[in-house]
Number of protein chains: 2
Amino acid sequence: MPEPISPKQSMLEQFAAVAKALASAPRLDLLELLAQGERGVEGVAAAAGLSVANASQHLQVLRRVGLVVSRKAGLQVLYSLADDDVLELLAALRRTAERHVAEVDRLVRGYFHEKDALEPVSRQDLVRRMRDGLVTVLDVRPPEEYAAGHLPTSVNIPLKELHRRLDEVPEGADVVAYCRGPYCVLAFEAVAALRQMGRTARRLEDGFPEWRAAGLPVEKGTGA
Amino acid sequence: MPEPISPKQSMLEQFAAVAKALASAPRLDLLELLAQGERGVEGVAAAAGLSVANASQHLQVLRRVGLVVSRKAGLQVLYSLADDDVLELLAALRRTAERHVAEVDRLVRGYFHEKDALEPVSRQDLVRRMRDGLVTVLDVRPPEEYAAGHLPTSVNIPLKELHRRLDEVPEGADVVAYCRGPYCVLAFEAVAALRQMGRTARRLEDGFPEWRAAGLPVEKGTGA
DNA sequence: TTATTAATCAATAAATTAATTGAATAATTG
DNA sequence: CAATTATTCAATTAATTTATTGATTAATAA
């Protein structure tokens, strides 16, 4: 990198640095995880399938450009998203990719769409149906993420346990499942699985972080 | 890059690829130039200070991820932004950098702000003042970019010629200068220069591409 | 057909980035 | 104070990215 000269070049270098931090699949994965709530290095490393040292270095890259922040809590270093701007940036990135990259379109059509032929439920729709008590809200994320924050009245059954714990979903209930974000596979799989088991289920458009960022009510804890 | 396995990983790879295309100062520069309008390789190369071969390769990187499109016109290959999504993504990137990267803040305060102590004029403000005929709109971009599209009633005096052509700016006029975008240096410099010469001048918030994308009226030609 | 022009391609060297390993540090607990 | 735990640091290797150079292709004009 040659010494930046003009202020214009310096600015562009800074913008490029932010983009560079986003330019890695594992780091995007970490960002999605942190969007669920504050979490330690070991936690995200395990969830993302990275070694701890590797995750630590990726997190530092993200911190250096201000996309995430960290604080010490005893032995742990807890990382979290810097703020909701970052969610918007990620959403813009997804939107652009979705509209312009043929491969994304192929994946959406081929895999995601096939798993969920019906339209997802919008946030406003779900708010209405929750108010009228007409819906069972299902959070299919791992318990740590549920504990860090979830939709009010939601029940946490991680995807892996869905078959085993089907009895916790009232028969005949109208299920809306959600997870980490718009392309989080968990909710797709959950809806597919529930339908196969004869239940009525749909998917929430995008996930918990977007719900929270929209200023809708959120509950914490009840995860232990 | 290891073979992507899960659909989730594949999606993340695609998003990362888009971010990677943005992760280069020269490419961001090219995008800002193309945001002014369609342009050939040689044109953008010269404007960005790159060799033609280098610019060509960068443009192909951008095209591969769908951020720009190209068409042949005789001998030339004309590139342009894929669409206004891309402007939004760039804006989100700038916004995040502005809020989270200390160095950007430093540059904005130190260089850009110092050059323009007063608030910029908002688009809506300018629309109003144009309608009332109370303002001289000054486009300080190079003539090629002006020719490809500009604000109605605007006068094109490239920054470099501003001193020489000061007589074209009516004395006592209320000047609003604009250029390529929110951090385009040209308008900052123009406002500073005009004030030094005793004129009344302010800067339009962001630039021509944002004006056009907001659906406001645009003129073409008159550049030859 | 032969030049000419605009753009791309191919090959290279330098620089950066990514993941792994093992060592080092820092905060707590026994 | 020693041991434990969570994280970071440092060094390495492999892979990718960048800009440069010169050759090549494609479209037009002489």
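Tutor: What follows is a talk about the interface, the disulfides and the salt bridges.

Student: Before we start, how should I read the names and values?
Tutor: This is a predicted model, in which local features need pLDDT of at least 70 and side-chain atom pairs count only at pLDDT 80 or more, while totals for chains, interfaces and linings use all residues. Residues are numbered from 1 along each chain as its sequence is written, chains are lettered from A and ligands numbered from 1 in the order in which they are written, and side-chain values use heavy atoms, with hydrogens and water left out.

Student: OK, how many residues of chain B are in contact with chain A?
Tutor: On the chain B side there are 47 residues in contact with 47 residues of chain A, where contact means heavy atoms within 4.5 Å.

Student: And what area is buried between them?
Tutor: About 4000 Å² is buried between chain B and chain A, and carbon and sulfur atoms give 74% of that; buried area here is the accessible area, taken with a 1.4 Å probe, that two parts lose on being put together, summed over both. In chain B, the residues that lose the most area to chain A are B:M11, B:F15 and B:H100, which together make up 16% of what that side buries.

Student: What about charges, how many salt bridges are there between the chains?
Tutor: The count between chain B and chain A is four salt bridges, a salt bridge being a side-chain nitrogen of Lys or Arg within 4 Å of a carboxyl oxygen of Asp or Glu. One of the salt bridges in the model pairs A:K8 with B:D29, with the closest N and O atoms 3.0 Å apart.

Student: Which helices of chain B supply that side?
Tutor: In chain B, α1 (7-22), α2 (25-35), α5 (84-100) and α6 (102-115) each supply at least two residues of the side that touches chain A, and helices here are DSSP runs of H or I with at least four residues, strands being runs of E with at least two, numbered from the N terminus. The element that gives the most to this side of chain B is α1(B), with 14 residues.

Student: What kinds of residues are on that side of chain B?
Tutor: They divide into 27 nonpolar, seven polar and 13 charged, where Ala, Val, Leu, Ile, Met, Phe, Trp, Tyr, Cys and Pro count as nonpolar, Asp, Glu, Lys and Arg as charged, and the others, Gly among them, as polar.

Student: Switching topic, how many disulfides are there over all chains?
Tutor: A search of the whole structure finds two disulfides, each defined as a pair of cysteine sulfur atoms within 2.5 Å. A:C179 and A:C184 form a disulfide with sulfur atoms 2.3 Å apart, and B:C179 and B:C184 form a disulfide with sulfur atoms 2.3 Å apart. The link of A:C179 and A:C184 is left-handed, with -135 degrees about the S-S bond.

Student: Are B:C179 and B:C184 buried or exposed?
Tutor: B:C179 counts as buried because its relative accessibility is 2%, and B:C184 is buried with a relative accessible area of 6%; the terms mean under 20% relative accessible area for buried, over 50% for exposed, and in between for partly exposed, with a 1.4 Å probe and protein chains only. In chain A, A:C179 and A:C184 are buried.

Student: Back to salt bridges, what does A:R39 pair with?
Tutor: The side chain of A:R39 meets that of A:E145 in a salt bridge of 3.3 Å, N to O. A:R39 lies in strand β1 (residues 39-40) of chain A and A:E145 in helix α8 (residues 143-148) of chain A, so the pair ties together parts that are 106 residues apart in sequence. A:R39 is buried at 13% relative accessible area, and A:E145 is buried at 2% relative accessibility.
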